[in-house]
Protein chains: 2
Amino acid sequence: MEPVLIFDTTLRDGAQGENISFSPEDKIKVAQRLDDMGIHYIEGGWPGSNPAADRFFQLARGTEFTNARITAFGSTRRQGVTAEKDANLNALIGCGSPAITIFGKTWDLHVVDIMGNTLSENLAMIQESVAFLKSHGREVLYDGEHFFDGYKANPEYAVQTLKAALSGGADFVVLCDTNGGTLPHEVTEILSTVKAELDTETGRDIRVGVHAHNDCNLAVANSIAAVQAGAVMVQGTINGYGERCGNTDLTSVIPILNLKMKRPCVSEKNLAKLKPLSRFVSETSNMIPLASRPFVGKSAFAHKGGIHVSAVMKNPVSYEHINPEDVGNRRRVLVSDQAGRSNIEYKAKEMGIDLDSPAFDSKRIVSEIKMLEQEGYQYEVADGSFKVLMDKFLLKYEPVFDLESFRVTIEKDKDRPCTSHAIVKMNVGGESEITAAEGHGPVSALDNALRKALSRFYSELEEMQLVDFKVRVMDGRGGTEAKVRVLIESRDGDDVWSTIGVSEDIIEASFEALADSFQYKLAKEQ
Amino acid sequence: MEPVLIFDTTLRDGAQGENISFSPEDKIKVAQRLDDMGIHYIEGGWPGSNPAADRFFQLARGTEFTNARITAFGSTRRQGVTAEKDANLNALIGCGSPAITIFGKTWDLHVVDIMGNTLSENLAMIQESVAFLKSHGREVLYDGEHFFDGYKANPEYAVQTLKAALSGGADFVVLCDTNGGTLPHEVTEILSTVKAELDTETGRDIRVGVHAHNDCNLAVANSIAAVQAGAVMVQGTINGYGERCGNTDLTSVIPILNLKMKRPCVSEKNLAKLKPLSRFVSETSNMIPLASRPFVGKSAFAHKGGIHVSAVMKNPVSYEHINPEDVGNRRRVLVSDQAGRSNIEYKAKEMGIDLDSPAFDSKRIVSEIKMLEQEGYQYEVADGSFKVLMDKFLLKYEPVFDLESFRVTIEKDKDRPCTSHAIVKMNVGGESEITAAEGHGPVSALDNALRKALSRFYSELEEMQLVDFKVRVMDGRGGTEAKVRVLIESRDGDDVWSTIGVSEDIIEASFEALADSFQYKLAKEQ
């Protein structure tokens, strides 16, 4: 059976989601993770729509992808313009992506009432646009917008639009449930009927894809119904991000295809990267990870009640539909000490920490880490702080400095720009040091003051840079009194590390993460 | 066609969800709302399992329900005890609910390996328990736990368990996908085969229900597949709350049955209560409402792109699968960098702004908003700031205060907690005012100082609360010098609004969002 291809549109349709936006650099990082996971197509954006989209394709041209084809998105040519002169189609060619997806209109209501077009000009737009892109040697995927609604309104015309795309040379035709209102049995009926007609007409096995939206909570069901009816490509997004109620959640579709339908779309090894990928995308887009998300959520394999827990201990299949490790997730037993331990042992092992050392009391460490995590620390995303913490537990910790005090002041006078400065007093190797510095905002001032104080002692700090800074308010319901978690990513010539701070005071949390970052860097060098 | 009955288990299975708990008084309030919505069965808890469950049934006995039957939940009798002597079954009778659901084991693996029971004793437990409850005149629903997994392992035995329940007199047999691992086509096949066999065997039209879990993101699909295969009862929870990935989300199933499958389960009038009910349950259970939730989420009918918006204005069906008002929701037009003019015009209209006013130069406004969005403002998520901005454009803006200056200081001394205080100097209605305040962190100090200064003039500020505070670092690559976007959500008695601030200085950005929030509130009152 032909393998099912996964087409990820997190960076294009996913970015249409409310509150979701990615910088071009974020997009490249996400694309590299998707590639590493073995995703087949990665749709990066709409070239020419804004400078950020263009920048992504420019960066993508300089990046090597092993598994995935980078895909650009756009529409068919405009009415009354030749394909050769259409700015949008030329931008698609110009962006240099090996594959291109263009969408066209299926539904006569849209063609006539909304676009003020004729049915025949719409067919010409589709055919000529695909042919133009094919003439430049690109793989072309044709998205039939509103396919299912269009088919219900006017089946004959809907099929004609696909035939136009195929006669232009489209490599795939993708049936889109743009408004998300279609039910699975309709997908089954329509897709199998349409595919049979296209196959008969062309004498070929036409490659059909599906693009679903979750407005009825049925995007995953519609996608697998499509595969059962003959589709060989599923379009969707990581975590189901997307406009309105989102797109098909690939973090559900991939394991269902691999584990339950025996239609593997990624390797077993790559499937185990699913949960970290889901987590990475939520962090990058600054969305709170949904605990109840199937397969990849924190609660997906959490057991609460005693009966369930003892049954699972006897035989996991009794209350688990799959093995959590298969998707990189893990079982959690709520209100129990067992849960985090293996995770911590696993991470310690990764850092080369000897589990059998007498200094390693894993039970105590687990319980202390749990306490910290209850306060809001999350060591899963802060490897640098985790290393510093482990050094403390293992009595290997040698503080590179001791804070005496800091004071940060932010001043704003009518019409003049806001200014921030920090004064830091610390003890470094027995010497007392007091420094002051300014900055763009209070955290930057604190960073500069710390750096100034320490660089007198440690010249290696010059090669260290802060590269990312993230703030998450936990349980925002407290308003401005809520606890804040700060994550800082730092880098030197050959390493990248993350550190964390938690406090009701954002400046204190930032200081904590900064201090861990300097500590990590300097401990590494010694 | 027999109507589909809705069985709500938010208060029992929903309360198994991580972080979800209801007090008995909360449960009664939720039950009254469910009753008002026309839900047929409300499962309130497991009597005898804890004092809170008993208290709920005690309260329920004193409450009048118009539409719904209150249902108690429990298991079949224990092994080796008669039904008459079983404490659990007696507690079910004792709680006084008109209907009772008991679950029993379907899967031979559970019966033999996990419970250490025999297959025949398990059948006797089912039959005798149902018969005992029926002998007390109750309506009895039998939940076949792990029905689909059990059927796949041993179809003959699985069906025997249902026959045992029916021979005990069960009014409904409910097929449960306890582990949530079943796919829709399996539900279709198994449920229709089983129902046909039961109907033939008994010579009656056996009433079958379905109880699905969302571990494959397919609970809604499985529930409607079951209805299509002959089920006449769907069990689920409001917002899909429940253990692991949750239960079938009734806020999706109900509108699908009513609007798309023409199997109405509640009246048209009651359907319009769906979104408020969803909101009420998330507030009562203290869960943040999921914006992307189908039908009832804040984003479910939100439109971002300019093309979509102008199409929706021509004909809503072009990008909306149902009329949002049918489920008590509403269309939202997001103002974003992709927005064209039509988004802003729509949004202005919503605010009652006269488009034909000579002061309204929509072209200029669009271009200024685009410039601001390039700087990092995002008005799609900040309706409060958008209103303030529009007032400025329309020269309706009357500042409630003018800032003279602020100074915020954060101090930390070795081992002592961090402290923050703010001094704000401003001009309110010609009067100069200077105040100082402390806070949990710099933003809280600033909030307190502003509030203190303004409340002398505006007593209505007392009813205003900040309810959420979000920070996003844009393009984090600048490290601690990056630009920061702060979003604040505020609330008073009858309104919720969001405001935004952007700056390299997090405190300045927070001040901006705070100031807009106070401005919005006070302009509204005037």
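I began with β11(A) and β12(A) (residues 419-428), which run antiparallel and are joined by 9 bridges. Strands here are DSSP runs of E with at least two residues, helices are runs of H or I with at least four, and both are numbered from the N terminus. Two strands pair if DSSP finds at least two bridges between them. I looked up A:F406 and found its bridge partner in β12(A) to be A:V424. The hairpin of β11(A) and β12(A) has 5 residues between the strands, and A:D415 there takes a positive phi near 65°.

The model is predicted: local features need pLDDT of at least 70, side-chain atom pairs count only at pLDDT 80 or more, and totals for chains, interfaces and linings use all residues. Residues are numbered from 1 along each chain as its sequence is written, while chains are lettered from A and ligands numbered from 1 in the order in which they are written.

Next I followed β12(A) to β13(A) (residues 431-439); this pair is antiparallel too, with 9 bridges. I noted A:S420 opposite A:G439 in β13(A). Their hairpin leaves 2 residues between the strands, and A:G429 in the turn has a positive phi of about 50°.

**Across to chain B**

I then checked what β11(A) (residues 402-413) does at the other chain. It runs antiparallel to β11(B), with 9 bridges between them. A:I410 has B:V408 in β11(B) as its bridge partner.

I looked up the whole contact, counting residues whose C-beta atoms, placed from the backbone, lie within 7 Å. It takes 93 residues from chain B and 93 residues from chain A. On the chain B side, β11(B) (residues 402-413) gives the most, with 11 residues.

**Two helices of chain B**

I turned to α3(B) (residues 87-94) and α5(B) (residues 119-135), which pack at an angle of about 30° with their axes 10 Å apart. That makes α3(B) roughly parallel to α5(B), as angles under 35 degrees count as roughly parallel. The axes are lines fitted to C-alpha atoms over the stretch in contact, and angles run from 0 to 180 degrees between N-to-C directions. I listed the residues that meet: B:L89, B:L92 and B:I93 from α3(B), and B:S129, B:F132 and B:L133 from α5(B).

**Chain A as a whole**

Last, I counted 18 helices and 16 strands in chain A. Its C-alpha trace spans about 85 × 65 × 40 Å along its principal axes.

How values were computed. Parallel < 35°, antiparallel > 145°, perpendicular 65-115°, else oblique. Contact = placed C-beta atoms within 7 Å.
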